[in-house]
Structure formats: C-alpha cells, structure tokens
Amino acid sequence: MTLDRVVWSMLQEALAVYRDSPRATAWLRAHAERYTEPVRIAVAGRGRIGKSTVVNALIGDEFTPQGSFVWYRGGTEPRAHVFTGPGRPHEVPIGRRGSRNHVETGQIDRADRVVVEWPARTLRDVVLIDTPSEASPEQVLGDADALLYLMRHVQDDDLKFLQAANDHPIARTAAVHTVAVLARADEIGAGRIDALSSAKQIARRYRRDVAVQPLCQNVVSVAGLLAMAARTLRADEFQALRVLASLGREELEDHLLSADRFVGEQFPLAMEPAVRQALLERFGIFGVRLVTALIRQGFDSQVKLTGQLVQRSGLGELRDSIAVHFTERREVLKARSALLALDVVLRMEPRPGARKLVTDLERVVASAHDFRELRLVAALQAGRTKLPAELQAEALRLVGAEGTSPPARLGFEYEPDAGELREALLDALVRWQAQAADVHAPNDHRRAAQVVVRTCEGLLPHFS
Ligand SMILES: Nc1nc2c(ncn2[C@@H]2O[C@H](COP(=O)(O)OP(=O)(O)OP(=O)(O)O)[C@@H](O)[C@H]2O)c(=O)[nH]1
Ligand SMILES: [Mg+2]
C-alpha cells in the first residue's frame with residue numbers, strides 16, 4: 001500500500017475508535033478533510049518583511065493587508081469568509097480600494113482567520129496562508145504542511161523560529177518542509193542596479209551555511225515588491241514607464257537620486273506628479289531604475305517586460321522551489337501533517353482500543369520509505385551522515401532533494417527517453433548496491449546507501 005493509503009486508513013480507523021468523543025471526532029474529521037486538500041503553505045517572518053507582498057505576487061493579484069491570518073485558496077468565484085471564535089464563519093463581500101482587492105471585514109476587528117477563495121492558477125495546487133508577524137511558530141505551523149520563511153539576513157530570531165518548526169518528535173523524524181526567502185532583495189545591494197544578482201549570490205551562500213542548511217530545503221532571494229508590480233502591471237503604468245525610459249539614462253538617473261526629486265516640480269517630462277508618485281509606490285526607486293533600463297534594453301512590450309521581471313525578481317525561482325519541494329512532495333507532506341494530528345489525539349485521549357494505532361503510527365514514521373528519504377536528505381545536509389563528496393551529491397539527488405520526478409532524480413537536465421532513463425537507473429542501482437554491501441564502509445554510509453538502493457528499486461517498475 002502507498003503511504004497515502006496507509007495514512008488515510010489510519011485516519012478512518014481513528015475516527016471509528018474515537019467515535020464517542022466529540023472533540024477527537026471533530027479534530028480527526030477536520031484533518032481527514034485537510035488530507036485531501038492542496039498543500040497548505042504558511043508564509044511567515046518578522047513584521048513588515050514583505051510577507052503579504054510575496055503572497056500577492058504569487059497569486060498575481062493585490063489585496064489590502066489584514067491584521068489576521070488570511071488563507072487564500074482556489075475557487076471558481078471570489079468569496080471571503082471570516083472566522084471568529086467558536087461560532088460559524090460568516091461571508092463578507094470583497095470590494096475594491098483603488099487598484100487593490102479589499103475584504104470588507106467591516107466591524108469585525110478580531111478575526112481569527114479570513115478565508116479568501118480566489119480563481120488564481122497558483123491556488124489550484126496550493127493554499128497560501130499569510131500570517132501576522134506576532135504569530136508564534138505553533139500558531140503558524142499548526143495549520144500548515146510547509147513553510148515559506150522570509151528574512152533579510154539570517155538572525156538568531158529567524159533560526160529560533162525555524163528550529164521550533166522542527167521541534168516535535170515526528171517533525172524531527174520527518175523534517176518539516178521549509179523554503180527560506182531572502183526578502184526585499186532590491187534593498188540588499190544598497191541601490192545598485194545589480195542588487196538582484198548580489199542577492200541571488202547571498203542566497204546561494206546561505207544554502208551551504210552550516211547553521212541554515214539543516215533548517216530548510218532551499219534558500220532563494222525575492223524582490224517581492226517588484227514581483228508583485230510585474231504580475232499586476234497595468235497598461236497605463238507600462239505606458240508611463242515607457243515615457244520615462246525615453247528620457248536619457250543619465251538625466252533620469254539624476255532624478256532618481258531621491259524620491260523627492262523624482263516626484264518634484266523640476267521633472268523634465270510632462271508627467272503628473274501623482275503618476276510619478278504612484279509608480280514610486282508600486283515599484284520603489286530601484287524598481288523604476290531597473291524597469292526603465294530593461295525597456296531601453298529591448299524588453300519593450302508589456303509581455304516581455306513582465307516575463308523578465310518575474311525572472312529577475314526571483315519569483316520564477318521561488319515558484320520552481322515551491323513546485324519541487326512542496327507541490328511534488330504533496331503526498332509525504334500531507335501524510336506527515338496527518339500523523340502529527342493523529343499523534344495529538346493518541347496522546348490526549350489514550351485508550352486501550354487505540355493501542356494498535358499507536359504502534360502503527362510508530363511503524364509508519366520509522367519505516368515508510370518516503371520518510372526515510374526525507375530523513376536522509378536532512379541528515380546529509382546537516383552533516384550527521386557523511387559520504388564522500390561525489391557520492392553525497394548523487395545520493396541527495398536520487399532521494400529527491402532536487403525534485404522527485406524520475407528525470408530529476410537521475411540528474412537529467414533535458415527530457416530523456418525511456419531507454420536513457422532505464423540505463424541511468426540500472427547504472428545507479430548497481431553502483432549503490434555495491435556501496436550498500438561495502439563491508440569496509442562506515443555504518444552510516446552503508447545505511448544511507450541502502451535507502452538510495454530502495455529508492456532506485458522503487459523507480460524500476462516505471463521503466464520495465
Ligand atoms: N523595497 C521593497 N519594499 C517592499 C518589498 N516588499 C514589501 N515592501 C514594502 O514593505 C512594506 C511592508 O510590506 P508587507 O508585504 O505588508 O509586509 P508584511 O511582512 O506582510 O507586514 P506585516 O503583515 O505588517 O508584518 C510595504 O510598504 C511594502 O510596499 C520589497 O521587496 N522591496
Ligand atoms: Mg502582512
């Protein structure tokens with residue numbers, strides 16, 4: 001049976017065992033429902049770091065900020081519900097404020113959670129949870145299957161938050177899935193036009209940092225403001241930017257030395273200060289400089305410019321990372337969340353009828369191959385398990401650290417045909433079998449090789 005089915009039947013069995021407990025039943029039902037949903041990703045980080053902006057950029061639509069947790073999930077029609085206390089949620093309208101969508105929470109100022117259904121492509125595969133900055137790790141992670149954690153530099157508070165995410169015994173054995181985001185990438189290079197490339201380099205460095213690497217699966221840099229402006233770029237804004245780009249580079253640079261100069265009276269073009277002010281708010285000074293430079297370089301249609309900005313801002317890479325680490329890993333992430341939930345019930349309301357579930361839970365966590373793969377990734381990245389460098393990179397790839405599709409595991413950067421895949425797979429299998437059987441190798445080396453062998457064996461039926 002697949003992990004997916006095993007965990008589903010455990011949830012059903014628990015519902016039967018706890019049918020006389022309303023509290024356990026409500027909890028288990030909610031988790032059974034959650035089990036069939038898209039992956040839930042919480043977006044967290046300290047105050048004003050740019051969480052809501054990144055969420056908007058991913059959705060491709062702008063919403064006015066709210067003080068509470070806001071869930072964005074897919075839906076055919078835009079709808080919003082407010083949840084407060086134990087009562088039933090009630091529906092509220094979604095209106096417009098300027099160019100933004102605004103959930104009319106009205107008098108309700110202490111919502112526990114606002115749930116927005118929104119017809120966006122991104123939301124077909126994920127539920128995004130925008131979190132308030134004062135939320136504790138427990139609040140953030142309780143409802144999430146995966147975490148996007150925004151930070152500027154890695155600070156102690158950030159590491160503490162990420163550590164808390166891994167602190168539960170089951171979380172420890174099936175590491176949480178986290179992608180760290182160096183946010184506000186445009187501000188990293190002190191206004192230089194190549195700020196975004198510097199930010200990407202810093203992100204790469206953090207990926208290998210001994211303090212950071214064990215706590216997340218990837219680190220990417222994102223200029224959220226620019227990404228959001230790109231995804232929601234309007235025709236009138238694009239026209240205004242083109243007019244700006246028609247100005248000589250040096251002349252424009254000169255007026256971009258400060259916000260005051262840019263919106264001031266002395267501006268050499270007939271463009272309303274309000275229009276300039278609006279561009280500044282949407283793109284930031286750095287953004288205006290970058291966008292006009294790109295238009296001059298030939299990204300002179302709205303489509304070309306948007307595509308270029310999505311890549312440069314890091315939004316493209318962030319989306320890829322979400323796909324590889326979260327969406328493609330849906331099954332194991334959901335299983336992990338459900339097992340954590342089962343564990344809560346089994347501890348809170350222990351009873352003789354639940355003994356089998358307790359042992360099943362331990363067995364699944366210890367032996368399911370998907371969890372073994374996650375543990376091996378974590379152990380290799382944290383340096384708890386050591387392999388020679390060339391084997392380490394291959395082991396990580398094979399157990400799915402860079403994507404779980406067979407071509408990604410086997411290291412193809414193009415679409416290979418079935419014959420090529422099969423050949424690469426058999427080659428890997430034979431070599432790793434030899435590693436697993438190498439009596440001179442240390443124990444952890446052999447155990448790691450056994451997991452890799454099992455992964456390769458699992459891929460075989462795809463190609464025979
Ligand atoms: N320069 C720059 N400004 C940004 C960026 N992202 C967000 N901002 C600005 O920073 C401010 C805070 O952004 P939000 O997205 O609301 O940040 P948040 O983390 O959701 O804030 P809280 O929910 O209040 O904790 C806003 O004025 C944004 O316009 C960015 O990438 N670059
Ligand atoms: Mg916010």
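**View 1. Residue classes in the lining of the largest cavity.** In this predicted model, the lining of the largest cavity consists of 4 nonpolar, 4 polar and 1 charged residues. The residues concerned are Ser52, Asn56, Phe63, Thr64, Pro65, Gln66, Val70, Tyr72 and Asp130. Helix H3 (51-59) and strand E2 (69-74) are the elements that give two or more residues to this lining. The space in the largest cavity is about 50 Å³, and the count of cavities of 30 Å³ or more is 2.

**View 2. The second largest cavity.** This cavity holds about 30 Å³ of space. Its lining is made up of His31, Arg34, Tyr35, Asp145, Lys334, Ser337 and Ala338. At least two of the lining residues come from helix H2 (22-35), and at least two from helix H15 (330-348). By class, the lining has 2 nonpolar, 2 polar and 3 charged residues.

**View 3. The shell around ligand 1.** Ligand 1 is surrounded by 14 residues, the closest being Lys51, Ser52, Thr53, Arg184 and Asp186. The shell comprises 3 nonpolar, 6 polar and 5 charged residues. H3 and helix H8 (224-231) each contribute at least two residues; the largest share, 3 residues, is that of H3.

**View 4. Polar contacts of ligand 1.** A polar backbone atom of glycine 50 is 3.0 Å from an oxygen atom of the ligand. In the side chain of serine 133, an N or O atom lies 3.4 Å from an oxygen atom of ligand 1. A nitrogen atom of the ligand is 3.2 Å from a polar side-chain atom of glutamate 187. Ligand 1 exposes 650 Å² when taken alone, and the protein buries 78% of that area.

Key. Residues are numbered from 1 along each chain as its sequence is written. Chains are lettered from A and ligands numbered from 1 in the order in which they are written. This is a predicted model: local features need pLDDT of at least 70, side-chain atom pairs count only at pLDDT 80 or more; totals for chains, interfaces and linings use all residues. Side-chain values use heavy atoms; hydrogens and water are left out. On a 1 Å grid over the protein atoms alone, a cavity is a set of points where a 1.4 Å probe fits but cannot get out, and a pocket is an open set with protein on both sides within 12 Å along at least five of seven lines; lining residues have an atom within 4 Å of a point. Grid points are joined across faces, edges and corners, and a volume is the space filled by probe spheres set on the points. Helices (H or I, at least four residues) and strands (E, at least two) are DSSP runs, numbered from the N terminus. Ala, Val, Leu, Ile, Met, Phe, Trp, Tyr, Cys and Pro count as nonpolar, Asp, Glu, Lys and Arg as charged, and the others, Gly among them, as polar. A residue is near a molecule or strand if one of its heavy atoms lies within 4 Å of it. A polar contact is a pair of N or O atoms within 3.5 Å; within protein, one must be able to donate a hydrogen and the other to accept it, and residues adjacent in sequence count only if both atoms are side-chain atoms. Accessible areas come from the Shrake-Rupley method with a 1.4 Å probe; for residues, only the protein chains shown count as cover.
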